[in-house]
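This report is meant to be read with the model open beside it. Please look through the chain before going on.

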Amino acid sequence: MTTSNPSAAYFERVAGRWDELRSGYFTEAVRAAAISKAYLHPDMSVADVGAGTGFIAAGLAPLVKHVHVLDGSLEMISVARENLAQFVNVEFHVADGLALPLPDASLDAVFANMYLHHCPDPLAAIREMVRLLRPGGRLVITDMDAHTHEWLRAEMADVWLGYERAQIREWFELAGLVNIIVDCTGQSCQSDSQTTAGEHAGISIFVAAGTKRVSAHESVQASYAAQALGTGCGCSDSSCCSPGTISLEDIGTVDWNSNYSPAEKAEIPAEAAEISLGCGNPIAMAGLKPGETVLDIGSGGGIDVFLAARRVGPTGYVYGIDMTPAMLERARAAAKKNGYTNVQFRQGYAEKLPVEDGAVDVVISNCVINLTEDKGRVFQEAFRVLASGGRLEVNDVVFSGPVMPEVRLSAAGWSECVSGALPEQEYVDLAKQAGFVDVTVRRSTSSGVAAGVSVYSVQVSAKKQ
């Protein structure tokens with residue numbers, strides 16, 4: 001990709017034959033796996049870095065508004081121009097991979113297929129690609145898992161013999177990405193040595209995806225502090241902004257219904273019932289048993305903590321974790337006033353729960369994970385605090401499909417449980433990445449349309465083995 005890259009001469013030499021060579025190495029299924037992780041929208045602008053002859057770009061061009069094709073080899077770009085001549089939305093660049101000729105925060109997604117293992121400094125290459133992303137934009141990399149086929153260095157100018165997936169995850173984190181997924185494509189890279197008879201490489205290919213962080217923490221915390229004091233708005237079945245609905249200019253309208261029964265509301269403190277900010281009822285499916293220990297992520301005024309406390313009884317215990325002092329003060333006052341002795345409200349963050357490893361039997365949450373900047377980290381924390389055999393029961397808001405990153409920049413939209421929502425499949429993938437098994441999804445009780453895309457609540461159930 002760069003003039004100083006030891007791979008540069010190799011790609012100049014094989015450009016004319018690359019499409020034939022590539023078809024023997026890996027198939028279009030790799031491209032499909034990469035594109036599936038980007039949640040592309042027709043109005044997006046994207047880039048294919050280390051594009052070669054345009055293999056990934058050929059799949060992107062029909063799906064988005066504009067595609068930048070970047071490669072360090074003039075010969076490769078020349079072939080890519082021929083291959084992609086039918087598309088009018090493609091722009092070509094001969095470029096240094098560490099100095100890509102595009103502005104900061106100008107793209108919605110960046111792809112790099114079989115590029116990283118040719119980079120002398122992979123982390124620097126990742127950071128340069130992340131530089132191009134708008135907040136909420138995604139980086140998607142497909143490459144080889146770590147292997148021991150040394151002959152690929154000489155024959156195909158590979159700088160690195162693939163990568164450990166944990167290393168890719170670490171680099172993504174260092175580059176400022178969140179909601180990181182590193183998974184198997186189900187495909188492999190196949191190659192035979194041209195110099196040593198019988199040498200064959202069949203190397204599994206991973207797909208890694210991460211999102212450039214959207215800074216929403218402070219605005220969300222301020223909004224919910226105001227809600228605790230009765231002066232602000234949040235997602236709820238009876239919004240203070242407008243009864244039963246939330247309307248956000250240029251985003252959409254969602255009808256909230258937490259689905260608590262009158263009997264459930266009657267059995268808990270009135271001050272908790274009147275500040276229900278959820279999008280469903282996680283207790284309904286949690287199957288709580290006497291003596292269990294429960295943790296509620298984002299406990300707010302305490303409605304789910306108090307409902308859980310009734311079900312686990314005096315031999316059980318419930319922790320409510322919330323980042324907002326005003327919410328905690330309100331919940332603690334309600335617990336004291338109403339004589340709850342098996343609950344405790346702690347200040348903390350969903351991404352760093354103030355609870356020991358393996359300390360709880362059930363983790364619940366109600367329309368809170370969407371409010372966090374790194375959902376993947378939240379699921380990892382939930383997994384950490386659960387004991388073996390523990391259960392996850394969360395209600396949350398998801399999109400039915402892709403939305404533009406601009407939707408995720410609305411501070412009001414984050415506070416109203418819309419702008420921070422992810423596509424349903426991405427949300428589920430993050431839970432699985434954390435280690436959860438038996439993940440199931442049920443449609444819940446809240447729904448609407450935001451940015452022209454269906455948005456709705458789901459109940460996600462999972463287990464820790």
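The model is predicted: local features need pLDDT of at least 70, side-chain atom pairs count only at pLDDT 80 or more, and totals for chains, interfaces and linings use all residues. Residues are numbered from 1 along each chain as its sequence is written, and side-chain values use heavy atoms, with hydrogens and water left out.

**Cores**

A nonpolar core is a set of buried Ala, Val, Leu, Ile, Met, Phe, Trp, Tyr and Cys residues joined through side-chain atoms within 4.5 Å. Buried means under 20% relative accessible area, exposed means over 50%, and partly exposed lies in between, with a 1.4 Å probe and protein chains only. The largest nonpolar core has 47 residues, and Leu40, Val46, Val67, Val69 and Phe111 touch the most other members. Strand S7 (residues 200-212) gives five residues to this core, the most of any element. Helices (H or I, at least four residues) and strands (E, at least two) are DSSP runs, numbered from the N terminus. Another core, of 32 residues, lies apart from the largest one and includes Tyr319, Leu353, Val378 and Val460.

What does Val67 touch, not counting residues up to four places away in sequence? Its contacts (heavy atoms within 4.5 Å) are Val46, Ala57, Leu60, Ala61, Asn89, Val90 and Glu91.

**Cavities**

A cavity is a set of points, on a 1 Å grid over the protein atoms alone, where a 1.4 Å probe fits but cannot get out; its lining residues have an atom within 4 Å of a point. Grid points are joined across faces, edges and corners, and a volume is the space filled by probe spheres set on the points. A search of the whole structure finds two cavities of 30 Å³ or more.

In the table, Ala, Val, Leu, Ile, Met, Phe, Trp, Tyr, Cys and Pro count as nonpolar, Asp, Glu, Lys and Arg as charged, and the others, Gly among them, as polar.

| Cavity | Volume | Lining residues by class |
|---|---|---|
| Largest cavity | about 410 Å³ | 16 nonpolar, 12 polar, four charged |
| Second largest cavity | about 60 Å³ | eight nonpolar, one polar, two charged |

The largest cavity is lined by 32 residues, and Phe11, Trp18, Asn113, Met114 and His118 lie nearest its centre. Among the elements that give two or more residues to this lining are helix H1 (8-14), helix H2 (18-25) and strand S6 (177-192). H2 supplies the largest share, three residues.

The lining of the second largest cavity includes Met44, Gly136, Arg138, Pro402 and Leu422. Strand S5 (133-144) and strand S15 (422-423) each supply at least two residues there.

**Single residues**

Ser7 lies in the segment before H1. Ser7 counts as buried because its relative accessibility is 0%. The side chain of Ser7 reaches the backbone oxygen of Ala157 at 2.7 Å. Not counting residues up to four places away in sequence, Ser7 touches His118, Ala157 and Val159.

Most residues other than glycine have a negative phi. Tyr39 is not a glycine, yet its phi is positive, about 50 degrees. Tyr39 is found in the loop between helix H3 (28-36) and strand S1 (45-49). Ala451 also has a positive phi, near 55 degrees, and sits in the loop between strand S16 (437-450) and strand S17 (453-463).

Are Tyr39 and Ala451 buried or partly exposed? Tyr39 counts as buried because its relative accessibility is 12%, while Ala451, at 30%, counts as partly exposed.

Note on methods:
On a 1 Å grid over the protein atoms alone, a cavity is a set of points where a 1.4 Å probe fits but cannot get out, and a pocket is an open set with protein on both sides within 12 Å along at least five of seven lines; lining residues have an atom within 4 Å of a point. A polar contact is a pair of N or O atoms within 3.5 Å; within protein, one must be able to donate a hydrogen and the other to accept it, and residues adjacent in sequence count only if both atoms are side-chain atoms.
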